[in-house]
Amino acid sequence: MNYFNGILVLFVLVTLNIVVAEHVCGFESCHKTKSNIINVHLVPHSHDDVGWLKTVDQYYYGSKNNIQHAGVQYILDTVVEELLKDSRRRFIQVETSFFFKWYSEQTVTMKIAVKQLVAEGRLEFAGGAWSMNDEATVHYQSVIDQFNLGLKFLKDTFGTCARPRIGWQIDPFGHSREMASIFAQMGYNGEFFARMDYVEKDARLKSLAMEMIWRSSEYFKDSEIFTGLLYQHYGSPPGFCFDIHCQDDPIIDEKSYDNNVDKRVDDFIAYVTSMSKSFRANHIMVPMGDDFQYEDAEVNFKNMDKLIKYVNNRQLEGSKINLFYSTPSCYLYELHQLLQSWPNKTEDFFPYSSDNHSYWTGYFTSRPTQKRFERDGNHFLQTVKQLSTLANLTSVKHTKSLSILRQAMGVMQHHDAITGTEKQAVAQDYDQMLYNAIIGAENNARDALRVLTNHTSAEFQSCLELNISVCALTQTSANNIVVTLVNPLAHTSSQYVRVPVTEENYQVTDENGREISSEIVPVPLEILCLQHRSNDTQHELVFKASVKKVSNFYIRVLPLPRKKHDLINDQTIPIAENDADEFTLENSLIRLVFTKSTGHLKAVEMNGVSENIHQSFAIYKGFRGNNGSSKNRSSGAYVFRPDGEIQVLSDKIEYSIYNGKNVREVHQHVNEWISQVVRIYDGVNRVEFEWLIGPIPTDDGVGKEIVTRFTSNVYSNGTFYTDSNGREMLKRKRNQREFFDPDMTEEISGNYYPVTAQMYIQDDHKRITLLNDRSQGGTSLEDGELELMLHRRLLNDDAFGVGEALNEEQFGKGLIARGKVFLILNAVPENPNCFERLTHHELHLPFCKFFSKTNTVPSIVQHMMPDFNDFPESMELLSLEPYSTNKILLRLENFNSCGGIKSYNIHPLFESLRGRQIWEVTLDGNMPLRQMKRFKFHHDGTGIIPSSVSYFFTPHKPLEANYTMDASKFSVTLLPMQIRTFIVHH
């Protein structure tokens with residue numbers, strides 16, 4: 001049989017005659033539907049995780065099938081083979097990373113066949129990013145990057161027919177408003193997903209609200225996007241899984257004693273008839289597929305062919321069901337044609353719960369070191385992209401290294417990667433993949449800096465262990481070290497730099513030989529005690545640097561060391577004679593008050609505002625159950641379920657105080673596995689809390705989830721605010737949701753939300769904001785209180801698929817994690833979020849440090865450095881990167897949410913980039929903005945009865961100019977929170 005199938009496929013390939021037919025993709029390729037009948041859109045698909053129970057390569061090649069039977073290469077092999085047999089068949093492909101790998105292995109003839117399938121709309125791409133990204137723990141910058149990567153491959157390989165028009169986010173564990181906004185800004189017509197709080201889904205099923213119009217931004221009037229929830233998760237209807245991994249009966253026809261056509265058709269018609277009662281239109285979409293299905297696609301398609309045939313035959317008997325192959329974009333096209341109205345949606349779909357004891361809020365924090373490493377990867381990627389552009393690195397070697405890092409970061413956005421919901425072996429594979437990609441891209445950074453500084457022999461090494469105060473180049477001596485700082489932001493930034501050093505007398509100078517004020521402070525004792533850390537460097541040299549784009553600073557050891565007490569600014573704060581039980585840490589901007597007898601923070605004064613703020617650490621015990629029923633659900637990688645009351649660590653803590661010229665620190669030792677440094681810098685208007693947690697003890701048989709709490713007298717009235725993927729802020733009301741009354745059986749975890757960048761509480765006078773350095777779960781369980789979960793170690797799996805307890809170990813012990821939380825106390829501004837947004841950008845993309853051992857200070861080649869300081873203050877350089885050999889992608893963002901419209905003429909930047917032509921594109925960077933045309937749907941309750949279909953077009957006139965035009969043609973205006981993307985041909 002396989003022999004004859006091979007002959008058939010060969011025949012089909014030959015008949016293509018090595019010519020791709022004229023495009024009939026788009027909605028012209030959709031099958032015709034019927035009026036006054038239920039049109040059932042059958043959507044074949046396979047959900048292929050880019051790592052989860054197996055690694056990416058194990059899933060692709062089909063190895064380790066004892067863990068999970070899955071081989072993506074075979075899925076794509078057989079799907080393409082089956083599509084070529086029958087032009088009526090359809091299939092949607094989602095994860096571009098897998099498809100990229102598979103396509104690169106194909107013969108020329110097969111590639112032509114695949115292009116034909118795409119050109120005819122028979123193979124359609126949905127989503128189209130490198131992976132199906134998570135929506136809770138990702139940062140918008142990384143999401144945009146991975147869509148740029150995936151969609152660019154599709155465009156370069158298949159042309160416009162391959163561009164997705166639908167978001168297909170069927171497996172993430174909750175859905176963010178910012179993700180919907182990104183889809184809208186890329187020109188997508190809508191998005192579909194499968195997971196929603198079980199109480200909300202039940203309410204929507206009953207009220208015909210499974211599909212809606214989502215207003216994805218409070219700032220953009222054209223941000224609406226159609227959003228639909230799948231009826232029965234994303235799998236095939238019960239009893240109709242025709243995959244080889246399923247046990248459902250095939251359709252048996254012809255003259256057989258086992259003929260089951262009538263029963264199979266009856267059951268299917270009953271299913272879709274019942275399903276149709278929960279939807280408004282006479283069109284419904286039925287997915288046919290599941291995780292890693294279609295490995296033998298002939299079985300799937302042969303049975304679906306029969307199902308379509310026999311269901312439609314019933315129309316001769318009066319049936320009102322019309323069944324056909326379709327895609328999500330064809331389905332949405334038909335809904336758009338109906339001119340009917342739909343319910344509204346304005347907030348997001350967090351948190352997600354699947355039963356009354358299972359709030360999926362633990363993964364907001366799971367694997368905290370991996371979440372931080374992903375941020376480090378993004379930081380390095382943005383830096384390398386900018387340096388590669390400025391130095392014009394276009395060689396094959398450089399392009400490949402940059403591509404590998406882009407791809408690694410695309411994989412890290414996957415909803416089982418950055419979430420921390422994968423098996424431990426897979427987590428280690430992700431880490432190794434990203435580490436190797438960073439090391440490879442270091443060559444790009446080094447080569448670019450050698451060009452930009454005219455220092456052709458400098459090492460320009462990055463140090464990946466600075467978080468534990470270790471750098472190989474300074475390990476024995478920091479004498480004659482040049483620290484090259486790259487500022488990924490547009491504007492000149494002033495930041496403090498910390499360099500691991502031995503205890504000596506140092507002098508720091510800039511490129512012009514001017515001395516920079518510096519000091520050394522001791523590394524916390526808990527860091528020195530890390531078992532795996534070399535203790536050659538027990539101090540850090542701290543100095544303040546101001547950097548436009550690239551600057552060099554020279555460190556040398558002075559020959560005559562000063563006295564030890566001058567080297568280390570170690571002062572004991574004297575007890576006041578009035579025996580007040582407090583001591584202070586203060587500079588020109590901030591005053592912190594601590595309780596002397598306990599060592600805890602007591603009060604904060606900054607920005608003309610003072611407030612009693614107490615900070616503490618606390619422990620939730622992870623619930624342990626057998627998962628046999630919802631009430632026995634364990635806390636695990638996905639689910640946060642505390643057992644009993646929280647244990648606040650309020651005992652007296654040991655502390656040491658370090659008062660320097662520019663940096664002041666309190667080192668707090670909470671217990672044997674929790675410590676912290678509270679830090680303020682002169683001239684920096686925020687308080688830094690650098691925490692160290694682990695190994696979390698489990699010898700008592702109890703898993704633990706560690707939080708930090710900030711308690712105040714701010715009357716927040718049950719309200720707090722969290723960011724959406726690092727962009728807009730969303731208002732949260734304790735125990736409340738937008739559309740439904742939630743089941744708050746698990747009241748603590750049910751009030752947890754993802755915090756990607758910041759959260760705050762406020763009353764009429766004061767605001768307390770926390771900013772973090774990675775995604776975490778956060779809440780406000782009491783008025784005046786903010787809580788962030790920092791680390792988790794659990795002993796039971798929660799039985800949602802990963803099959804392992806979240807019990808991370810390193811070096812034979814429980815995982816130790818280190819991170820930072822930042823606090824800002826401010827008066828409530830008339831226009832919120834402005835200062836905090838600027839701070840977030842500085843924290844998200846700080847200076848990138850490179851180290852060289854040299855006796856001379858490199859000088860910057862100024863003519864190769866565009867001056868971005870002309871940008872308006874709130875305009876940021878979101879992307880500056882090579883797009884192709886002679887094209888640059890430029891992405892600008894007005895992060896000011898305070899009502900300010902910003903205008904800027906980019907002609908000087910265009911010239912400095914040696915531009916010949918510039919044109920504006922969609923957010924992902926791959927479609928000219930003038931081609932933007934996406935579906936507009938109509939709201940319930942407007943009273944408007946449309947007479948024809950409506951569309952959203954570009955909200956402004958796209959910029960298109962070339963070097964012969966007057967500079968006035970290069971003016972760019974950005975509304976608050978707007979992002980505009982351009983391609984510069986040079």
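Good morning. I begin just after helix α5, where Gly121 takes a positive phi of about 75 degrees. Helices here are DSSP runs of H or I with at least four residues, strands are E runs of at least two, and both are numbered from the N terminus.

A word on the source. This is a predicted model, in which local features need pLDDT of at least 70 and side-chain atom pairs count only at pLDDT 80 or more, whereas totals for chains, interfaces and linings use all residues. Residues are numbered from 1 along each chain as its sequence is written, and side-chain values use heavy atoms, with hydrogens and water left out.

Let us return to α5. How far apart are the end C-alpha atoms of α5? They are 16 Å apart, which agrees with the 16 Å that its 12 residues, 108–119, should span at 1.5 Å a residue; the expected span is 1.5 Å times one less than the number of residues. Buried residues of α5 include Met110, Ile112, Val114 and Leu117. Buried means under 20% relative accessible area, exposed over 50%, and partly exposed in between, with a 1.4 Å probe and protein chains only.

Next, the partner of this helix. Two packed helices are described by the angle between their axes and the distance between the axes. The axes of α4 (residues 96–104) and α5 come within 10 Å and cross at roughly 140 degrees. Axes are lines fitted to C-alpha atoms, for helices over the stretch in contact, and angles run from 0 to 180 degrees between N-to-C directions. The angle makes α4 oblique to α5, since under 35 degrees counts as roughly parallel, over 145 as roughly antiparallel, 65 to 115 as roughly perpendicular and the rest as oblique. Phe99, Trp102, Tyr103 and Ser104 of α4 meet Met110, Lys111, Val114 and Lys115 of α5 in this contact, where contact means heavy atoms within 4.5 Å.

Now the core. Phe99 and Val114 are among the residues that touch the most other members of the largest nonpolar core, which has 223 residues. Helix α14 (residues 424–453) gives the most to this core, with 10 residues. A nonpolar core is a set of buried Ala, Val, Leu, Ile, Met, Phe, Trp, Tyr and Cys residues joined through side-chain atoms within 4.5 Å.

Finally, is Asp296 buried or partly exposed? Asp296 is partly exposed, with a relative accessible area of 31%, and is found in the loop between β8 (283–288) and α10 (297–313). Asp296 and Ile75 are 221 residues apart in sequence, yet 6.8 Å apart in space, C-alpha to C-alpha.
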